[in-house]
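Student: I have a model to go through. Can we take it step by step?
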Amino acid sequence: MSASDSSNMTLRLEGSLTRALGHYLDNWRRNLTAAANTLDQTLAEENFRNVIWYLAVMIGMFAFIIVAMLVSTVKSKRREHSKDPYHQYIKEDWTAQVQQGDAVTR
């Protein structure tokens, strides 16, 4: 075996190993990319589901607070017009003041 045959064989072996390693790395990168894409898609779907639940809970809490405020306002307005002695006193006092004011201006 001469030096040129040995060098030629080394170059062929190097080329074969380089191609095999390149092929292996390309397949590995493709598998990694596919796995990463699948994982990203799964995380995006789960995140979307979590966002929907978060929005539903927040809207529900907001609606509960608004309804509670409306109910308390309606109840307080209804109490003002009741036959409550305190409100009767205020009503009679204001009526008396208005009547006195009318008598003074006449």
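Tutor: Start with a definition: buried means under 20% relative accessible area, exposed means over 50%, and partly exposed lies in between. Keep in mind that this model is predicted.

Student: Is Met58 buried, partly exposed or exposed?
Tutor: Met58 lies in helix α1. Its relative accessible area is 34%. That value falls between the cut-offs of 20% and 50%, so Met58 is partly exposed.

Student: Which residues form the nonpolar patch on the surface?
Tutor: A patch takes residues with over 30% relative accessible area. Met58, at 34%, passes that cut-off. Together the patch residues have about 660 Å² of accessible area. The members are Val51, Tyr54, Leu55, Val57, Met58, Ile59 and Met61.

Student: What share of the residues of the protein chain counts as buried?
Tutor: The protein chain has two helices and zero strands. To count as buried, a residue needs a relative accessible area under 20%. Of the 106 residues, the share that counts as buried is 0%.

Student: Why are Asp26 and Arg29 separated by about one helical turn?
Tutor: Both residues belong to helix α1, which covers residues 3-80. Asp26 is partly exposed at 33% relative accessibility, and Arg29 is exposed at 52%. The separation is about one helical turn because, along the helix, they are three residues apart.

Technical notes
Residues numbered from 1 in each chain as written. Predicted model: local features only at pLDDT ≥ 70, side-chain atom pairs only at ≥ 80, totals over all residues. Heavy atoms only, no water. Helix = DSSP H or I, 4+ residues; strand = E, 2+ residues; numbered from the N terminus. Buried < 20%, exposed > 50% of the residue type's maximum accessible area, 1.4 Å probe, protein only. Patch = residues over 30% accessible without salt bridge, like charges linked within 9 Å, V, L, I, M, F, W, Y side chains within 5 Å. Areas by Shrake-Rupley, 256 points an atom, 1.4 Å probe, with all protein chains shown as cover. Salt bridge = Lys/Arg side-chain N within 4 Å of Asp/Glu carboxyl O.
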